[in-house]
Amino acid sequence: MQRRPLIVALDFATKQEVITFLSAFRNEKLFVKVGMELFYREGPRFVYELKEQGHDIFLDLKLHDIPTTVKRAMKQLANLEVDLVNVHALGGVDMMKAAKEGLDLGTAMGKKAPSCIAVTQLTSTSSEMLANELAIPASLDDHVIHLCDQVKKADLAGVVCSALEVPKIQDSFSSSFLTVTPGIRRLEDAANDQSRVVTPGKAKELGSTAIVVGRGITRATEPIYAYEQYVKEWRNT
Ligand code: C5P
């Protein structure tokens with residue numbers, strides 16, 4: 001992974017919208033995140049095209065199913081030669097191990113298998129939701145650390161988590177354990193549906209490995225200016 005990656009979430013409905021968005025960046029190679037909306041509409045072919053254009057790719061499909069199904073699905077995703085994929089840690093250790101096996105099986109000789117990280121709790125999950133809707137009695141912090149432990153047991157590369165959880169995760173795990181953090185907003189941007197947002201500078205201070213930024217850049221009136229501001233706060237503060 002490049003130093004201090006800023007991953008731009010391409011949360012667009014169509015390939016055309018993505019092309020329009022990326023064309024403004026001219027030849028700059030970005031680290032982009034392709035999520036469910038775009039993948040379900042445009043399919044694997046478009047992921048290849050983004051790769052051919054030189055972008056690094058986080059394919060954010062958050063797999064969560066029985067281990068065999070996840071293994072077989074990951075074998076297919078490995079063919080796409082993306083850089084990063086993910087699963088839900090709530091799928092359990094066997095499922096996470098199966099994900100990794102599938103990635104290894106689907107990676108051609110001499111190529112590097114995509115790194116796999118796990119979502120602990122979505123950044124839209126609040127403490128109230130954890131207790132009242134999910135009936136999980138642990139605190140959000142403790143629950144996230146418990147899930148990180150399971151991720152570590154499965155030997156995945158790290159987690160997707162809130163930047164607010166990073167210091168506690170780094171206390172418990174080595175610095176090579178990746179912490180990829182969405183829920184990032186500059187002070188002037190709206191939080192939207194994210195419950196636990198932090199600024200890029202704060203994410204750096206808290207020790208995030210990579211940040212994921214969607215609407216703060218993609219829905220900005222001037223996306224390039226917004227991107228540059230995010231990069232500046234993330235890398236230089
Ligand atoms: O627009 P915004 O910056 O909130 O986008 C965040 C992106 O990160 C979205 O694509 C969302 O699906 C993703 N994400 C998240 N929380 C997680 C995992 C992924 O917000 N725990």
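This is a predicted model: local features need pLDDT of at least 70, side-chain atom pairs count only at pLDDT 80 or more; totals for chains, interfaces and linings use all residues.
Select the ligand together with the 14 residues around it, of which Asp 11, Lys 33, Thr 123, Gly 214 and Arg 215 come nearest. If you colour this shell by class, you will find six nonpolar, three polar and five charged residues. Next, show the side chains of Asp 11 and Lys 33: a polar side-chain atom of Asp 11 lies 2.7 Å from an oxygen atom of the ligand, and a polar side-chain atom of Lys 33 also lies 2.7 Å from a ligand oxygen atom. For Gly 214, turn to the backbone, where a polar atom is 2.8 Å from an oxygen atom of the ligand. The ligand taken alone exposes 470 Å², and the protein buries 88% of that area.

Now move to Thr 125, which is found in the loop between strand E5 (115-119) and helix H5 (127-132). Thr 125 has a relative accessible area of 2%, and because buried means under 20%, Thr 125 is buried.

Finally, select helix H10 (residues 223-236), whose 14 residues reach 19 Å from the first C-alpha to the last, close to the 20 Å expected at 1.5 Å a residue. Within H10, highlight Ala 226, Tyr 227, Gln 229, Tyr 230, Val 231 and Trp 234, which are buried.

Key
Residues are numbered from 1 along each chain as its sequence is written. Side-chain values use heavy atoms; hydrogens and water are left out. A residue is near a molecule or strand if one of its heavy atoms lies within 4 Å of it. A polar contact is a pair of N or O atoms within 3.5 Å; within protein, one must be able to donate a hydrogen and the other to accept it, and residues adjacent in sequence count only if both atoms are side-chain atoms. Accessible areas come from the Shrake-Rupley method with a 1.4 Å probe; for residues, only the protein chains shown count as cover. Ala, Val, Leu, Ile, Met, Phe, Trp, Tyr, Cys and Pro count as nonpolar, Asp, Glu, Lys and Arg as charged, and the others, Gly among them, as polar. Helices (H or I, at least four residues) and strands (E, at least two) are DSSP runs, numbered from the N terminus. The expected span of a helix is 1.5 Å times one less than its number of residues. Buried means under 20% relative accessible area, exposed over 50%, partly exposed in between (1.4 Å probe, protein chains only).
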